[in-house]
Amino acid sequence: RSWHSSLYISWLALWVKLLGMANWVVRLAGVACFLGTLWLVRKILYLALPSERAGRVFGPVAFLYLVNPLLIQQGMMLDIDTTVVTFTSVLFLHEVLRLEIRQVAWWRQSVWLGVILALGFWAKEFAGLYLALTAFVYVLLRRNWRGAAGGVTALIIGVGLFWGTWWLYCKAFDLPVMYFIRFTILGKLAIGEGLFRTIAAQSGLTNAIFSVLFSLFNITVWTSPFYWALLIGVIVWRGREFWLSKKPAPLDLLLLFGLLMMAVTQVYRPSGWFLKYGYPAHAVLVVLAGVLVSEKVDRFVPKDWAIGAILAAIVAVAQFIVLRDPVLSLYGMKMKGMADPQFWGFYLISGAALVILLKLTRKDLPLTPALTVALAIGLVGANLGLDWKQRAPIVTSISWNNYGEEGFAEAAAHLNSVLKPGDVPICRKDFGF
């Protein structure tokens with residue numbers, strides 16, 4: 001049994017049965033989805049952009065994707081959201097674009113997208129809802145209500161196909177058909193589980209806002225403020241394009257999906273430590289950040305790339321030395337961590353220095369491209385520094401460290417208070433770390 005629909009459990013069981021139970025083998029299941037999603041991203045770029053441009057864009061996109069600490073770390077933590085949910089979600093987005101660009105008849109689109117949507121529901125029941133809403137809004141804005149009716153038809157087919165196959169599955173394996181409904185549909189989708197309950201509760205509006213800010217701060221720690229700055233640039237860029245053309249471009253489908261998932265997992269129901277819930281959003285948002293950056297480096301020559309690599313290496317070394325391991329700096333330090341002057345000062349100073357150095361070495365570069373490239377260099381450097389820090393001999397995923405338990409910081413503080421130099425504690429690995 002599972003808290004969710006069981007594609008993930010069945011897929012992982014098959015993986016283990018075929019390849020074995022060694023730790024590195026099992027973690028390769030996460031790596032397979034991580035790389036499989038990147039393969040789908042490449043196909044999306046070739047659908048959304050002219051072939052020559054897509055080829056140029058994929059390099060920066062793939063690099064930002066492959067060095068992103070949040071994607072790497074959470075991808076290595078085997079869980080439903082970071083594996084099959086992300087892969088099936090990006091697969092669905094690919095199919096929406098493929099069918100829309102090829103102008104396939106609406107009824108054929110509805111049937112095929114219904115099949116892929118059913119796969120999304122099998123991955124996780126929430127995922128299918130995100131995907132259906134994203135496709136509906138995209139097609140509505142791109143065409144009209146008549147075109148959006150195909151999205152509703154796909155949703156009906158997807159839900160019907162999922163429940164039909166789910167009923168057969170449960171009957172075949174003697175499982176109760178409704179066993180995940182109480183936990184998910186009646187629990188997590190209920191307004192009572194969301195931000196509005198936090199506002200209505202005695203903790204009040206202030207605590208609700210704090211929960212949202214802390215959830216966003218967790219992402220910031222693992223991706224850097226440079227990441228958010230680039231995403232703001234993406235939103236401004238795509239918003240301007242939409243305003244001028246009056247309809248969304250193919251890349252806007254990725255932005256719609258990413259923003260919708262962020263709204264649910266970071267605002268409506270702030271996920272706090274649970275970075276895995278918003279993982280699919282970042283898998284596509286980092287792609288858009290890469291596309292934005294690639295727009296600004298077309299005029300770069302090898303000398304510029306060499307300068308950028310040196311600057312990124314300097315930021316990486318500085319990040320590794322100056323900033324603490326996020327696992328150690330976040331636990332028990334919510335307010336202090338969010339207001340840490342060392343954290344914000346490092347990124348503010350390094351960002352300003354990068355812009356100034358770029359303007360000095362490339363005086364012909366306008367301010368906006370210089371700012372974008374500086375943010376990209378800072379993002380790469382910060383990501384690589386944190387990646388190197390995460391080579392410590394322990395899985396430092398804050399999700400499993402704090403999954404369903406309380407008192408971690410207090411227990412660690414107690415151990416620190418009683419241990420003497422030279423003592424070797426016999427304890428859980430995360431406490432030992």
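Start by selecting S89, L93, V96, L97 and I101 in α5 together with P250, L253, L254 and F257 in α13: these two groups meet, contact being heavy atoms within 4.5 Å. This is a predicted model, where local features need pLDDT of at least 70, side-chain atom pairs count only at pLDDT 80 or more, and totals for chains, interfaces and linings use all residues. Residues are numbered from 1 along each chain as its sequence is written, and side-chain values use heavy atoms, with hydrogens and water left out.

Next, show both helices whole, α5 as residues 81–101 and α13 as residues 250–268. Helices here are DSSP runs of H or I, at least four residues, numbered from the N terminus. Their axes lie 10 Å apart and the packing angle is about 150 degrees, which makes α5 roughly antiparallel to α13 (angles over 145 degrees count as such).

Of its 21 residues, 19 are buried, that is, under 20% relative accessible area with a 1.4 Å probe, protein chains only. Then step to Q103, which follows α5 and has a positive phi near 55 degrees.

Now move to helix α18, residues 341–361.

Colour F343, F346, Y347, S350, G351, L354, V355 and L358, the buried residues of α18. Looking down the axis of α18, these fall within an arc of 150 degrees, so they line one face of the helix; the arc is that of the directions from the helix axis to the C-beta atoms.

Last, select P341, L348, I349, I356 and L360, exposed residues on the face of α18 turned away from its buried side (exposed is over 50% relative accessible area).

Note on methods: Expected span 1.5 Å × (residues − 1). Axes fitted to C-alpha atoms, helices over the stretch in contact; angles between N-to-C directions. Parallel < 35°, antiparallel > 145°, perpendicular 65-115°, else oblique.
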